[in-house]
Amino acid sequence: MIIKLNLSILFPLLLSIACTNEKNNGLPEGKTVLFTPRSLNLNLPYISPNQEYDFFKSENSIIFEPEDEKNHVLIKDENHKVEFNNINYLVIEVYSDSDFSNVLNLDFFKKDTEKNEPQISARIGINPRLKTKLIFPISYLDGQEIFMQRFPRQLKGTVLGRRISPQEIGQISIRLRPVKKGFYQPKLLINNAYFSENLPDPFEPLSMPVIDKLGQWKDKNWEGKTASEDEMIERVRQLDERISTASFPNGWSKYGGDKSLKLAGKGFFRIQQKDGKWFFVDPDGYAFLSTGVDVMNPVSFGPVDGIEDLFEWLPGEDETFAAAVTNDRGQEQVSFLTSNLIRVFGDNWRSKWELMSANLMKTWRFNTIANWSDSSFIASQRLPYMIPLRGFPSTEIAIFRDFPDVFDPSYREAAKQFASQLEAYKNDTLLIGYFLRNEPHWGFGAHNLAFEMLSVKQNSTTKSECINWLSSKYNENISSLNEAWNTDFEDFGSIQEYEIDQLEFSKKAEEDLWEFSGLMVDEYVKVVSEETKKVDPNHLNLGMRFASISTDLFYRTGAYVDVFSINQYSSPHPPPTHEIYEKTGKPVIIGEFHHGATDRGLPASGIRAAKNQEQRGVALRHYLEQGFARDEVIGMHYFQWNDQPWTGRYDGENYQIGVMDVTLRPYSEWTDAAKTTNERLYDVATGKEEPFYQIIEDVPYIYY
């Protein structure tokens, strides 16, 4: 079933224009298309910012060219009442003629609200020059999941905000970013939109692919683009030979610590403050600051189901490249990075990659194999490393997003099982420590966890604990609570049955629930940290790698970990780690940061952007040296070793953020900068050298 809405300002009927050059715009020859290649100079209605537009009266598609990121296209249901009982998807057919990916925001507003802010928003990536059916599942409006399911040709989607039922929707708006006159001025052709019960049929396959056999974007040239397989093989083999005798600097210990600063060695990595500055201490007793790169892997998989037509060649067509094909998350995925390694090194591709990568680390002066890295590489090369623990404890009932029922006894039992994975590591002197988990989904946004818990009719041990806590706080007097909360509960037990977000209660109620949210977070991290220390008392608990600090709830976790970790992509400076230290008293690891660019190979920069590769190197130096100059910062890890696939990794990220590209070509501007800064690391940290300071040109960042 398909229902087309009266979408004011949006979505006229299909435009029929014959395709004249399928190579440039990637549309099937002889088929009905959106517009001719690279040309938007057609007799199409352009959408002025926030102009009204009647879908049913127009016979053309529209082009939306916003003047800034606040300009929007409104979707309204004014003349037709839509019943959402059988509606599962919002589908929007789009095409962008840019050199960069567009980021499309879908904002959902409640009916009859005076607020200008949407209740919930989705941010979805669209690759350039590729006709795409953008699909938004209506189920994501419940606010329980952040990362969207992937659909063919569609890139990563994230959903943030508070739940809204489809019946509450007053309007939906579309916005684009980035918006900046010149290179970053987006022009989006919107061809059609509708609500549907079922997934839409795909577009017809392309007759001309967009990805070559080495995994590169065919429709763009750039400095350093690999011209042939033979060129790649010769270049990589020469690099491998050139770095074969690499080692750490003479002033570094065998672990990568500072030989000039000797503390007490205790056989495992630990932490210590010396003259106000925090350090790791390596097993031999030398001060150690962790500089590393995440996701050091010889694979970079991306799904191909439903988009096979985008590729000139796929590794699955030849048994020689079997290692470059996998089935993960229910989808066939391929790694052009792996097939290129096989082309260069043959059957010994994995061991050759491991040795070459370790030598590159030493050449560029990185001393830590950071998070998400290959376990075989860690085992074979014997360099300091950190690991993520897998499968954070869950319970049958989830309180909010991925937050478990922490007061249920089953949570403690799950924590014991979770901690058992450390048995294999507890005696390894090269392991610095372990991360409990990565970027908890409940931590995206400033959410009052207890409020969210009481907002739905779901019984749980934690809810019962909260009600008992409230009863004790108000001396078992429900009248006192009702007066403070502006409610009319009959007794404390009746709180179980209410969806409190529908009540107009007081600020005192929010404060009470915020206080109990703190107790929930305490239990959440305390139980797990106790169980991991029982199994492995030798290694450091490195925390939860929060994506940001949106509330003080996160600081509470510092009481139970050895090091506070955060993945915060700030720019141009590192995040305010001094605030973390003031609130927790714990040294800090920045577990992820990066700067990407769109000048070579890929259409999206990632979470922070530079104009080009040279500026990426400048940004890296500034970020690392400004960070390590701080007393509380003891580790900084760049995300990531390899570029991501043009068609997107498993979740749709396709960022140019790697140390090297898909053809194993390092970005020399970046790696030269890394070597220079890493060699200065200990002198900067101890105040012998002033930290490098240079702010790069501000350019729009493209991420989803």
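The following questions and answers go through a predicted model of one protein chain.

Biologist: How many helices and strands does the secondary structure of the chain come to?

Modeller: The chain has 704 residues, and buried residues make up 60% of them. Among contacts between residues at least 6 apart in sequence, 72% join residues at least 24 apart. The secondary structure comes to 14 helices and 30 strands.

Biologist: Which residues does Trp485 touch, not counting residues up to four places away in sequence?

Modeller: Trp485 is one of the residues with the most contacts inside the largest nonpolar core. Leaving out residues up to four places away in sequence, Trp485 touches Leu470, Tyr474, Phe505, Ser506, Lys508, Ala509, Asp512 and Leu513.

Biologist: Is Asn486 buried or exposed?

Modeller: Asn486 lies in the loop between α9 (478-485) and α10. Its phi is positive, about 65 degrees, although Asn486 is not a glycine. The relative accessibility of Asn486 is 52%, and the cut-off is over 50%, so Asn486 counts as exposed.

Biologist: Is Arg401, which also has a positive phi, buried or exposed?

Modeller: Arg401 is not a glycine, yet its phi is about 55 degrees. Its place is the loop between β24 (398-400) and β25 (403-404). The relative accessible area of Arg401 is 8%, which is under 20%, so Arg401 is buried.

Biologist: Which residues line the second largest cavity?

Modeller: A search of the whole structure finds 2 cavities of 30 Å³ or more. The second largest cavity holds about 40 Å³ of space. Its lining divides into 5 nonpolar, 2 polar and 2 charged residues. The lining residues are Asn127, Leu130, Arg150, Arg153, Leu155, Ile307, Leu310, Trp646 and Thr647.

Biologist: Is Asn127, one of the lining residues of that cavity, buried or exposed?

Modeller: Asn127 lies in the loop between β9 (120-126) and β10 (132-137). Its relative accessible area is 2%, and the cut-off for burial is under 20%. Asn127 is therefore buried.

Biologist: Which side chain is joined to the side chain of Asn127 by a polar contact of 3.2 Å?

Modeller: Not counting residues up to four places away in sequence, Asn127 touches Ser101, Leu155, Pro603, Trp646, Thr647 and Asn654. A polar atom of the Asn127 side chain lies 3.0 Å from an oxygen of Trp646, but that oxygen belongs to the backbone. The side chain joined to Asn127 by the 3.2 Å polar contact is that of Ser101.

Biologist: What is the distance in space between the C-alpha atoms of Gly161 and Ala446?

Modeller: Gly161 is found in strand β11 (residues 154-161). With a relative accessibility of 23%, Gly161 counts as partly exposed. Leaving aside neighbours within four places in sequence, Gly161 is in contact with Gln119, Ile120, Arg401 and His447. Gly161 and Ala446 are 285 residues apart in sequence, and their C-alpha atoms are separated in space by 9.6 Å.

Biologist: Is Asn88 exposed or only partly exposed?

Modeller: Asn88 is in the loop between β6 (73-75) and β7 (89-96). Beyond four places in sequence, Asn88 touches Phe136, Pro137, Ile138, Ser196 and Glu197. The relative accessibility of Asn88 is 36%, between the cut-offs of 20% and 50%, so Asn88 counts as partly exposed.

Biologist: What is omega for the cis peptide bond that joins Ser571 and Pro572?

Modeller: Pro572 lies in the loop between β28 (564-566) and α11 (577-584). The peptide bond joining Ser571 and Pro572 is cis, and omega is about 0 degrees.

Biologist: What is omega for the cis peptide bond from Phe639 to Gln640?

Modeller: The place of Gln640 is the loop between β30 (633-638) and α13 (668-679). The bond from Phe639 to Gln640 is cis, with omega near 25 degrees.

Notes
Residues numbered from 1 in each chain as written. Predicted model: local features only at pLDDT ≥ 70, side-chain atom pairs only at ≥ 80, totals over all residues. Heavy atoms only, no water. 1 Å grid on protein atoms, 1.4 Å probe; cavity = no way out; pocket = protein on both sides within 12 Å on 5 of 7 lines; lining within 4 Å. Points joined across faces, edges and corners; volume = space filled by probe spheres on them. Nonpolar A, V, L, I, M, F, W, Y, C, P; charged D, E, K, R; others polar. Helix = DSSP H or I, 4+ residues; strand = E, 2+ residues; numbered from the N terminus. Buried < 20%, exposed > 50% of the residue type's maximum accessible area, 1.4 Å probe, protein only. Polar contact = N/O pair within 3.5 Å; in protein donor to acceptor, adjacent residues only side chain to side chain. Contact = heavy atoms within 4.5 Å. Core = buried A, V, L, I, M, F, W, Y, C linked by side-chain atoms within 4.5 Å.
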